[in-house]
Amino acid sequence: MTLFALALAAAAPFAASASEANGIGYTYVQLDAVYEDYSNPYMFGGALSGSYAFTDHFFMTGSYGRTTDDGHNWDLRHSWWSLGAGYNTAIGDRVDWVTQASYVRDRYRASYNDDLVSASESESYNGYTISTGAQIRVTDHLITNAHLGWEDHSEDLYVGNDDGNFYGEFGMLYRFNDTWGLHGSLKLSEGTETYMGGIRASF
């Protein structure tokens with residue numbers, strides 16, 4: 001909560017006009033392909049996420065995703081869902097400062113089967129993420145973002161880190177029109193690189 005308070009304090013001096021004047025929207029639904037690189041395993045899957053702006057400055061977010069890595073005798077699965085809220089404010093004609101926090105629920109499952117051995121294990125973890133950064137409308141069609149965040153997902157089954165860590169997230173959205181666009185992002189955190197790419201419908 002201390003980090004969240006500091007992030008909000010960092011955003012407060014920039015309070016200005018509503019972000020919709022910048023042409024950056026916060027109400028959308030998004031479907032992405034997901035690749036998680038743990039340096040072994042390598043997980044592939046998909047995610048559905050969305051955001052709803054209930055005022056000019058405040059919005060809610062949610063997501064659900066699942067990735068897998070299958071071998072001849074083994075199967076690894078990672079699923080998660082999140083629910084959060086955020087605050088955005090304009091700090092320029094084309095730039096928003098955005099701060100958001102989310103509760104995250106992770107579940108990992110590993111199984112192995114052959115003619116002699118059959119075993120499985122699953123673990124679930126509660127956690128949270130807090131991030132702050134900028135969204136920039138580079139052109140009428142292109143929006144980019146860069147965020148610095150902190151995450152703590154309890155003890156991670158593969159990374160083995162229960163103290164939390166910083167992460168960086170970078171993304172872009174190319175809008176064909178007011179509704180449809182293509183999305184791509186990269187998240188860099190300790191022990192993991194997460195790549196996402198897909199389609200977004202804005203409202």
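Okay, let's start with contacts: among those in the protein with a separation of 6 or more, 52% are between residues 24 or more positions apart. Contact here means heavy atoms within 4.5 Å.

Before I go on, some housekeeping. This is a predicted model, where local features need pLDDT of at least 70 and side-chain atom pairs count only at pLDDT 80 or more, while totals for chains, interfaces and linings use all residues. Residues are numbered from 1 along each chain as its sequence is written, and side-chain values use heavy atoms, with hydrogens and water left out.

So, what does the fold look like? The secondary structure comes to one helix and 10 strands, and along the sequence the pattern reads α-β-β-β-β-β-β-β-β-β-β. Helices (H or I, at least four residues) and strands (E, at least two) are DSSP runs, numbered from the N terminus. The 10 strands make a closed barrel, running β1-β2-β3-β4-β5-β6-β7-β8-β9-β10 with antiparallel pairing. Neighbouring strands of this sheet are turned by 20 degrees against each other on average, direction ignored; the axes behind that are lines fitted to C-alpha atoms, for helices over the stretch in contact, with angles running from 0 to 180 degrees between N-to-C directions.

Quick reminder: strands of a sheet pair through backbone hydrogen bonds, either parallel or antiparallel. Two strands count as paired if DSSP finds at least two bridges between them.

Strand β1 (residues 28–37) pairs with strand β2 (residues 42–53) in the antiparallel sense over 10 bridges. The two form a hairpin with four residues between them, and Ser-39 in that turn has a positive phi of about 70 degrees. From β2 we go on to β3 through another hairpin, again of four residues, and β2 and β3 pair antiparallel over 10 bridges. Next, a hairpin of three residues joins β3 to β4. Strand β4 (residues 74–90) runs antiparallel to β3, with 13 bridges joining them. Down in that pairing, Asp-70 stands opposite Asp-75 in β4.

Let's stop at one residue in β2, Gly-50. Buried or exposed? Gly-50 counts as buried because its relative accessibility is 18%, and buried means under 20% relative accessible area, exposed over 50%, partly exposed in between (1.4 Å probe, protein chains only). Gly-50 is the bridge partner of Val-29. Leaving aside neighbours within four places in sequence, Gly-50 is in contact with Tyr-28, Val-29, Met-60, Thr-61 and Gly-62. Tyr-28 is 22 residues away along the chain, yet the two C-alpha atoms are separated by 5.4 Å.

On to the aromatics. A pair of aromatic rings is described by the distance of the centres and the angle of the planes. Rings of Phe, Tyr and Trp (its six-membered ring) pair if their centres lie within 6.5 Å; planes under 30 degrees apart are stacked, over 60 edge-to-face and the rest tilted. How many pairs does a search of the whole structure find? Eight. One of them is Tyr-26 with Phe-59, which is stacked, at 5.1 Å centre to centre and 25 degrees between the planes. That pair links distant parts of the chain, with Tyr-26 in the loop between α1 (2–11) and β1, and Phe-59 in strand β3 (residues 58–70), 33 residues apart. Tyr-26 is buried, at a relative accessible area of 3%, and Phe-59 is buried with 3% too.

Ring pairs also link Tyr-35, Phe-44 and Tyr-195 into a cluster. Phe-44 is the bridge partner of Tyr-35, and Phe-44 also stands opposite Thr-68 in β3.

Two charges sit over rings, meaning NZ of Lys or CZ of Arg within 6 Å of the ring centre and within 35 degrees of the ring normal. Lys-187 lies over the face of Tyr-167 at 4.5 Å from the ring centre, and Arg-200 over the face of Tyr-28 at 3.8 Å.

Last stop, the nonpolar core, a set of buried Ala, Val, Leu, Ile, Met, Phe, Trp, Tyr and Cys residues joined through side-chain atoms within 4.5 Å. The largest has six residues: Ile-24, Tyr-26, Phe-59, Val-98, Ile-143 and Leu-173. Apart from that one lies another core of five residues, among them Met-43, Leu-76, Tyr-108 and Tyr-125.
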